[in-house]
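Work through the exercises below with the sequence and the model side by side. Try each task before reading its solution.

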Amino acid sequence: MKFATLALLILVLLVSIVNLATSLGIVDLTSYEYRALGPQQMDEIGFRQLAKENGIEVDEAGKIKFPSEMREEMLKVNMLPYTIKVVENEGWKFVAVTSDNLYLFRKRG
């Protein structure tokens, strides 16, 4: 009986040590590359992709001049899910949004 108890305690200790080492980054079982995008970066990515899909040029300064007739189409497009899809098509997976509006993405690295 004492042997079974001792074996279980050792097993719990080993699992705890591996879990701690993994959380501290000492043992790297899976490695991910992370990307954090702010709201302005998300808007820029979304509007650039929308302009690209509609054949609108982006000038050297990065400014996009959408025609006024596209206003209705732009209002119908929900930009946040659209932009998340654009970033996910680049191989990133959406993880979360922080309290300070940073959008976190990750991919295997």
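The model is predicted: local features need pLDDT of at least 70, side-chain atom pairs count only at pLDDT 80 or more, and totals for chains, interfaces and linings use all residues. Residues are numbered from 1 along each chain as its sequence is written, and side-chain values use heavy atoms, with hydrogens and water left out.

**Exercise 1. Find the order of the strands in the open sheet and name its edge strands.**

Step 1. Strands (E, at least two residues) and helices (H or I, at least four) are DSSP runs, numbered from the N terminus. Two strands pair if DSSP finds at least two bridges between them.

Step 2. The three strands of the open sheet follow the order S1-S3-S2, and their pairing is antiparallel. The edges are S1 (32-37) and S2 (93-97), each of which pairs on one side only. From one strand to the next, the twist averages 30°. Axes here are lines fitted to C-alpha atoms, for helices over the stretch in contact, and angles run from 0 to 180 degrees between N-to-C directions.

Step 3. Six bridges join S1 to S3 (residues 103-108) in the antiparallel sense. Among the partners, tyrosine 34 is bridged to arginine 106, and glutamate 33 to lysine 107.

Step 4. S2 and S3 are antiparallel too, with four bridges. Here lysine 93 stands opposite arginine 106, and valine 97 has tyrosine 103 as its bridge partner.

**Exercise 2. Describe how helix H2 sits on the sheet.**

Helix H2 (residues 39-53) packs on the sheet and touches S1 and S3; contact means heavy atoms within 4.5 Å. The direction of H2 makes about 90° with that of S1.

**Exercise 3. Compare the span of helix H1 with the expected value.**

Step 1. The expected span is 1.5 Å times one less than the number of residues.

Step 2. H1 (residues 2-24) has 23 residues and reaches 33 Å from its first C-alpha to its last, close to the expected 33 Å. Just after H1 comes glycine 25, with a positive phi of about 85°.

**Exercise 4. Is threonine 83 buried or exposed?**

Step 1. Buried means under 20% relative accessible area, exposed over 50%, and partly exposed in between (1.4 Å probe, protein chains only).

Step 2. Threonine 83, in helix H4 (residues 79-89), counts as buried because its relative accessible area is 2%. Leaving aside residues up to four places away in sequence, threonine 83 touches Met42, Ile45 and Gly46.

**Exercise 5. Locate asparagine 101 and describe its backbone.**

Asparagine 101 lies in the loop between S2 and S3, strands that form a hairpin with five residues between them. Its phi is near 65°, a positive value in a residue other than glycine. Asparagine 101 is partly exposed, at 40% relative accessibility.
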